[in-house]
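Here is a friendly briefing to read with the model open beside you. Take one topic at a time, and find each residue as you meet it.

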Amino acid sequence: MKGNMLLGVVLGLLLLPTAAAAGSFPPSETIFPATTRAWLSIANPKALQAAFDRTQYGQLVQDPAMKPFVESFRQQLKSAGKQRLGKLGLTLEDLEKIPGGELAMAAIEPTPGTLASLLLVDTSGNEAETKALVARIEQRLLEQQATKVADEAAAATGLTTFKLPPEPNTTVARERQVAFAQAPSALIVGDNPAMVAQVLATLKQGRKDNLSTLPAFQAVAARCGKQVPAAASPLRWFVDPLAYAKVYQAANPPREKRKGPDYVAILGRQGFDAVKGAGGVVFFDDGIYEARHHTLVYAPPLPGRQPFAADRFDLAARMLQFPNADRIDPPQWVPRDVSSWVAMQFDLANAFNSAESLVDDVVGEKGVFDDVIASLKEDPDGPQIDVEKDLVACLGKRVSVISDYSTPIGIDSERLVIAIEATDAEKVAATVAKSMATDPDMQKVESGGHVIWEMIDRSMAIPKLEVETPGGAIAHADGGGDDDEAHRRRNRLREREEKLLPHSAVTVAHGHLLIASHRDFLERVLATKGGVESLGSAADYTTVTTEMKKLFPATSAMRSFGRADETVRPAYEMLKAGSMPKSKSLMGQLLNAMLGDGKEGSVRAQQIDGSTLPDFEIIRRYFGTIGLGMESVADGWYFAGVALPRSQQEPEVARTPATPVGR
């Protein structure tokens, strides 16, 4: 997953603007209103671009071997830009030429349920280019059959508005407008004339009810802003996640009604609106790191509640408990050559106790969670286990995920193992065995002295015993065609689960419950004896850990390590082959869910043509190592991460050959 995100960041940075910095108006956070739901700002685009160019990722973009793809990718972005920016009469090239200072974008909710997009650019030193751009915007809008709105009063202030015809092939008739204004050393463009007019009117002095007055924004700025070196040129961002999701959903109804739960509404009902905002800073080449970011998820306790208390939030949001620990290190059995490792402190018992209302809300029927748990214990055709007593109470607070891939790389190459600490491993093993033994979809396999339960068909997402993170239900397969209420509800809950791990395997070993996507990777983990075979002994891991300790000198609730080349490579090869939409990895399935048409079994079209990418070995040298940490703080969760250059990475980490077992 981290590899896909990193690849996306690198590709996205190809189009950073390259103009000089200035300051013709106050910071955009003092100009945009407090109803801003998402915001991004680059105060000095040219300096940010220069810093990126000095990194190995910048050198990757400039490598001659990447030239065909870079040019192709830019053309693809132009095409996408014509669909999105084109509605505002803009192109991506326009945004490269006119900034002379801050470039800021915002998504604003002017009235409940409406969403306005706004672009604000400091055009200092580029006034002639901006004037020419305004003329081109008008011409492009006219080519879209837009009609110029006659408004002398608005025109006197410098505001111009065009009304566009209804969008084709849509069942929802929505008014479409574009407004823009060129002020001295500034350009404002948006799809809501009233908001453009407001920004224009407050451009010199700002406004009282602005974005920077929000407690969430202030908390983010205070914690993350102080982490930026004086000479750095950061990208800053902020979003109110649930508020933005709600207004985006209201403003962009789907053309076809999708089946299934409304997760945005469910999260709001279940107390997750306690997360008031998230934001931070990103910058490049600060003299030590290729890149560094600092992020705060702002979620203060509800009024009258105590920080870190189990009841700091309401309902299912109470599962958001990530207790800090003095040390988080990879266990000795994590193989040295894996792509990545992440470990998090997570209160599983609290999550289980908080999950009832969420599961019932997702299924759409009250009492489902309790009935399923009761049937697992009492149904004579079920495993007859007390989930809370026999499993949850025997698990600790450390959850780890190890990832890697098999070769040759294909749609089913990515591998992972989820390891959950067990405080009573014998009891967990007995519970797993009791659960698995009654499931016809599971087979018992002996491997290296360990008992592994492996799925033999695709009837479940995770073998019959499922531990979702965070706080999901733990369910067993139904025993048959019984029509009683418990069976009906168990079937209904099971139908809601995504089949994310079709080849999964489970065992209890090394004091952990181990849930793997594939048995071959699980057997590698079980065979690792520690010492030089362990990730903890690798030089590149040690280097990243040293740097992470500087960012988190005391406690933390999460630590991760990744080799960027190994985390990126599976997605890179899938992109090059045009097979990313068919990927069976968790990220591939997640992308299908988010970007697809929502129809069962449908596979989305790949959004990026990667056919011109060079052989990965040619550009592998540009990828170093990455680290991420998180600390639970009184008002939420603080994250920081770094990317180190290849020169500080262990030269070669020999990979263990991986051949899919029985596949």
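Strand β16 (residues 505–509) and strand β17 (residues 512–516) run antiparallel and are joined by 5 bridges. Helices (H or I, at least four residues) and strands (E, at least two) are DSSP runs, numbered from the N terminus, and two strands pair if DSSP finds at least two bridges between them. This is a predicted model, in which local features need pLDDT of at least 70 and side-chain atom pairs count only at pLDDT 80 or more, while totals for chains, interfaces and linings use all residues. Residues are numbered from 1 along each chain as its sequence is written, and side-chain values use heavy atoms, with hydrogens and water left out.

**Strand β16 and its partners**

- Val506 has Ile515 of β17 as its bridge partner.
- The hairpin of β16 and β17 has 2 residues between the strands, and His510 there takes a positive phi near 55°.
- Strand β15 (residues 450–455) also pairs with β16, in the antiparallel sense, over 2 bridges.
- Glu454 has Ala505 of β16 as its bridge partner.
- Buried means under 20% relative accessible area, exposed means over 50%, and partly exposed lies in between (1.4 Å probe, protein chains only).
- Because 5 of the 5 residues of β16 are buried, the strand is largely enclosed by the rest of the structure.
- Ala505, Thr507 and Ala509 are buried on one side of β16, and Val506 and Val508 are buried on the other, which leaves both faces covered.

- Which residues of helix α10 (residues 241–251) are buried? They are Leu242, Ala243, Val247 and Ala251.
- Seen down the axis of α10, these buried residues fall within an arc of 160°, so they line one face of the helix. The arc is that of the directions from the helix axis to the C-beta atoms.
- The buried residues of α10 pack against β1 (36–42) and α11 (263–269), where contact means heavy atoms within 4.5 Å.
- Helix α19 (residues 539–551) has 13 residues, which should span 18 Å at 1.5 Å a residue, and its end C-alpha atoms are 19 Å apart, which agrees. The expected span is 1.5 Å times one less than the number of residues.
- In α19, the buried residues are Asp540, Tyr541, Val544, Thr545, Glu547, Met548 and Leu551.
- Those residues of α19 fall within an arc of 165° when seen down its axis, so they too line one face of the helix.
- The strands that the buried residues of α19 pack against are β10, β11, β18 (558–563), β19 (625–633) and β20 (636–644).

- Ser339 is buried, with a relative accessible area of 3%, and its side chain makes a polar contact with the side chain of Asp404 (3.0 Å).
- Asp337 counts as buried at 5% relative accessibility, and its side chain makes a polar contact with the side chain of Arg524 (2.8 Å).
- Ser24 lies in the loop between α1 (2–12) and β1 and counts as partly exposed, because its relative accessibility is 32%.
- The side chain of Ser24 reaches the backbone oxygen of Ser185 at 2.7 Å.
- Ser24 and Pro184 are 160 residues apart in sequence, and 8.0 Å apart in space, C-alpha to C-alpha.

**Nonpolar cores and the whole chain**

- A nonpolar core is a set of buried Ala, Val, Leu, Ile, Met, Phe, Trp, Tyr and Cys residues joined through side-chain atoms within 4.5 Å.
- The largest nonpolar core has 68 residues, of which Phe32, Leu203 and Trp341 touch the most other members.
- Helix α9 (residues 215–225) gives this core its largest share, 5 residues.
- Another core lies apart from it, with 55 residues, among them Val372, Ile373, Val399 and Ile418.
- The protein chain has 22 helices and 20 strands, and 53% of its 663 residues are buried.

Key:
A polar contact is a pair of N or O atoms within 3.5 Å; within protein, one must be able to donate a hydrogen and the other to accept it, and residues adjacent in sequence count only if both atoms are side-chain atoms.
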